[in-house]
Amino acid sequence: MASIPTDKITIPALLARKAVGPKIVCLTAYDHPTAGILDETGVDLILVGDSLGMVVLGYENTVPVTMDEMLHHTRAVTRAVTRALVVGDMPYFSFHLSAEETVRNASRFLKEGGAAAVKIEGASKKRLKLVEAMVEAEIPVMGHVGLTPQSIHHLGRYRVRGTAAEGARRIVDDARNLERAGAFAVVLESMPVEVAAEVTRAVGIPTIGIGAGPACDGQVLVFHDMLGFSTGYLPKFVRKYADLHAVIRGAVGAYAADVREGRFPDDATSYHLKPEVAAELRPEKVRTPKRGKKI
Ligand code: KIV
């Protein structure tokens with residue numbers, strides 16, 4: 001079994017991985033115990049993704065997720081992490097009005113959330129200016145190109161991006177422009193292997209793929225998807241490393257049967273009084289006070 005890395009992950013350390021490896025391991029986390037396990041296991045990057053809206057808050061897509069929700073979960077994650085670099089995801093409409101508001105919202109991930117960086121979807125000209133403004137304010141930024149789930153209403157459905165030459169070229173340009181604007185890494189989501197390989201060759205910053213094939217400098221998956229905890233549709237690019245849904249259903253079913261059939265709680269899971277205190281509670285030991293006597 002490979003040894004668990006203990007070196008603290010910094011942005012320069014991540015940049016160095018591009019040249020010398022090993023590949024960057026990234027997963028999402030939204031809560032304290034999960035983040036603790038990822039950190040102990042040597043995951044390099046922990047993304048508090050706005051996917052939390054769908055995965056743990058039950059929204060239909062990521063659009064409704066708020067700054068308050070993101071900060072609440074980011075704090076839970078960073079309280080558990082000592083080694084990994086934690087990235088907070090800028091939710092929809094936290095970076096759409098002005099550079100000033102974008103920088104203020106991004107700074108909250110660092111100051112209140114304890115994260116080391118933020119992630120922002122898209123690479124339009126306006127978005128690049130925002131990246132510049134955040135970097136200027138000392139906020140490390142991770143870009144995100146290809147499929148950008150916050151654009152779901154424009155896109156209509158989640159689908160692979162960059163399958164035609166023009167779209168593929170745009171993804172490469174977007175990643176290059178994000179690098180120029182100062183991003184320290186870029187997520188490549190749902191695109192052909194060849195496009196992700198070309199982006200990875202064309203930029204000097206690490207690429208973190210999700211549904212973008214093996215050429216990327218690192219990989220990210222949604223924690224609940226790779227554990228088989230999520231229900232419903234799973235994209236083709238997810239590999240399930242466990243079937244937690246079945247494990248949890250089995251455990252909850254066993255608990256319910258034990259409660260109904262009187263097997264839980266038992267002696268081992270109950271507290272007891274000392275015998276002499278228990279004796280005091282027996283009705284025959286309870287003295288009836290004499291009439292008129294105050295007790
Ligand atoms: O929100 C998220 O979890 C993400 C990853 C899928 C990259 O953006």
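Visitor: Let's start with F93: how exposed is it?
Guide: F93 is partly exposed, because its relative accessible area is 43%; buried means under 20%, exposed over 50% and partly exposed in between, with a 1.4 Å probe and protein chains only. This is a predicted model, where local features need pLDDT of at least 70, side-chain atom pairs count only at pLDDT 80 or more, and totals for chains, interfaces and linings use all residues. Residues are numbered from 1 along each chain as its sequence is written, and side-chain values use heavy atoms, with hydrogens and water left out.

Visitor: And Y92, what's its relative accessibility?
Guide: Y92 has 31%, so Y92 is partly exposed.

Visitor: How many aromatic pairs are there in the whole structure?
Guide: There are 2. In one of them, the ring centres of Y92 and F93 are 5.5 Å apart and the planes are at 55 degrees, so that pair is tilted. Rings of Phe, Tyr and Trp (its six-membered ring) pair if their centres lie within 6.5 Å; planes under 30 degrees apart are stacked, over 60 edge-to-face, and the rest tilted.

Visitor: New topic. Which residues surround the ligand?
Guide: Among them are T28, L47, G49, K119, H144, V187 and I210.

Visitor: How far is the side chain of S51 from an oxygen atom of the ligand?
Guide: An N or O atom in the S51 side chain is 2.5 Å from a ligand oxygen. For D89, the distance from such a side-chain atom to a ligand oxygen is 3.2 Å, and a polar side-chain atom of D50 lies 3.0 Å from a ligand oxygen.

Conventions: A residue is near a molecule or strand if one of its heavy atoms lies within 4 Å of it. A polar contact is a pair of N or O atoms within 3.5 Å; within protein, one must be able to donate a hydrogen and the other to accept it, and residues adjacent in sequence count only if both atoms are side-chain atoms.
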